[in-house]
Amino acid sequence: MIQVARFGLWWIRWDGSKYTSRMSGSLEEFRELGFDYAVVLGSSGVNIQYTGNAETDAFNLSEYLSDTMDMPYYVTIPFSTPSKEPRGNITGSFEGSYWEKWIDVFTKSSDPNLKGFYWSLENAWMFKDDQINRNRGISHGLIQAMSEKIHNAGFEFIWIPSACTLKLDGTNIFPLNNSECKNCPGAYEFFDYIFVQPNYYLGKGENVFSDYSDLENYLRELQRLKSTYHAWNVYLEMEADECVIGGGGNCRTCYDPENCTRLAGDYIRGQLNVFGRKYSQRAYYFRVTFDVLRHVDSYCRSNLGVPYV
């Protein structure tokens, strides 16, 4: 029997002296909405403390999470500083790096709710030379060493890359060998779960989806590549935000809550139409407002006959 697991993004903020939750409700409500795991993260490093000392930074977050997170969670490994520079040498040795020291603090934690780690760099092309040259990528050797350390300590490692492209075979989710990325392994080899962000709902940047049929084709291509490489740990992230309830957000038709709701529901509709079911493992981005989930859930139950989460 396939185990169903639902991961929800849980946003926090460092205010200069302490951590606080950015979410609209409690962890109890979060669990009642159907989530099995919380993925704890900030925003591009801005909301994760940075002193330059990894042990200090990790310890303060670990203490906060030990005190506040009473459900299984994955903790972020921050890639960037608040000034958007990498926190370590992106082509250097993992041993002695900021990231190794960060992970070390958490692996020595006695918090029973700590399930594993989340790699915060969302760049689906992160191993490519041009991304590394612009400080937007990282060597695959460093990620491999990071993965080995996490797994050897008995924890899991997850990634949620942004891949708004109909050419998924050109990303580093899967193996790549060209002039930009010679003999680059597929990132799926290093992570326990990868939840790909299609960005079908979102409006930032250039949206490659002309209509709903493109989303179905995206899912078919994702499944083809999973089958080709036996990458059965690659799944999908659901995407929605406050636009579905008339608030501000990043929906590509945010002026139209009804259409935004349909776009959010299309992630479920696409899985049902292409696979006949929802993926057994799913991650959810909904910004910070629980009413977003309740609203899209009502839509999915009424129009698709299944719950959203």
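Cys243 counts as buried, because its relative accessibility is 0% (buried means under 20% relative accessible area, exposed over 50% and partly exposed in between, with a 1.4 Å probe and protein chains only). The model is predicted, so that local features need pLDDT of at least 70 and side-chain atom pairs count only at pLDDT 80 or more, whereas totals for chains, interfaces and linings use all residues. Residues are numbered from 1 along each chain as its sequence is written, and side-chain values use heavy atoms, with hydrogens and water left out.

Cys243 forms a disulfide with Cys254, the sulfur atoms being 1.6 Å apart (a disulfide is a pair of cysteine sulfur atoms within 2.5 Å). The torsion about the S-S bond of Cys243 and Cys254 is -85°, and the link is left-handed. The pair links distant parts of the chain, eleven residues apart, with both Cys243 and Cys254 in the loop between β10 (234–239) and α7 (257–275) (helices, H or I with at least four residues, and strands, E with at least two, are DSSP runs numbered from the N terminus). Cys254 has a relative accessible area of 22% and is therefore partly exposed.

In total, the structure holds three disulfides. A disulfide is a covalent bond between the sulfur atoms of two cysteines. Cys251 is joined to Cys260 with an S to S distance of 2.3 Å, and this link of Cys251 and Cys260 is left-handed, with -105° about the S-S bond. Cys251 is buried because its relative accessible area is 7%, and Cys260 is buried because the corresponding value is 0%. The remaining disulfide joins Cys181 to Cys184, with an S to S distance of 2.0 Å. The torsion about the S-S bond of Cys181 and Cys184 is about -100°, so this disulfide is left-handed. Both Cys181 and Cys184 are buried. With the bonded cysteines of the chain numbered in sequence order, the pairing reads 1-2, 3-5, 4-6.

Two further cysteines were considered. The cysteine sulfur closest to that of Cys164 belongs to Cys251, at 13 Å, which is too far for a bond. Cys300 is buried, because its relative accessible area is 0%.

Pro257 is placed in helix α7. With a relative accessible area of 28%, Pro257 is partly exposed. Apart from neighbours within four places in sequence, Pro257 is in contact with Cys243, Val244 and Gly246 (contact means heavy atoms within 4.5 Å). The C-alpha atoms of Pro257 and Lys84 are separated by 32 Å, and the two residues are 173 residues apart along the chain.

Two residues other than glycine have positive phi values. Asn183, in strand β8 (residues 181–184), has phi near 55°. Asn183 is exposed, because its relative accessibility is 58%. Asn135, with phi near 60°, lies in the loop between α4 (129–133) and α5 (140–152). The relative accessible area of Asn135 is 32%, so this residue is partly exposed.

In soluble globular proteins, nonpolar side chains tend to be buried together. The largest nonpolar core has 111 residues, and those with the most contacts inside the core are Trp99, Trp119, Ile138 and Met146 (a nonpolar core is a set of buried Ala, Val, Leu, Ile, Met, Phe, Trp, Tyr and Cys residues joined through side-chain atoms within 4.5 Å). Strand β1 gives the most to this core, with seven residues. Not counting residues up to four places away in sequence, Ile138 touches Phe79, Ile90, Trp99, Trp119, Leu121, Met126, Phe127, Ile132 and Ile143.

The largest pocket has a volume of about 830 Å³ (a pocket is an open set of points on a 1 Å grid over the protein atoms alone, where a 1.4 Å probe fits, with protein on both sides within 12 Å along at least five of seven lines; lining residues have an atom within 4 Å of a point). The volume is the space filled by probe spheres set on the points, which are joined across faces, edges and corners. The lining of the largest pocket consists of 33 residues, of which Ser43, Ser44, Gly45, Ser120 and Glu122 lie nearest the centre. At least two lining residues each come from β1 (5–14) and β10. The lining divides into twelve nonpolar, twelve polar and nine charged residues (Ala, Val, Leu, Ile, Met, Phe, Trp, Tyr, Cys and Pro count as nonpolar, Asp, Glu, Lys and Arg as charged, and the others, Gly among them, as polar).
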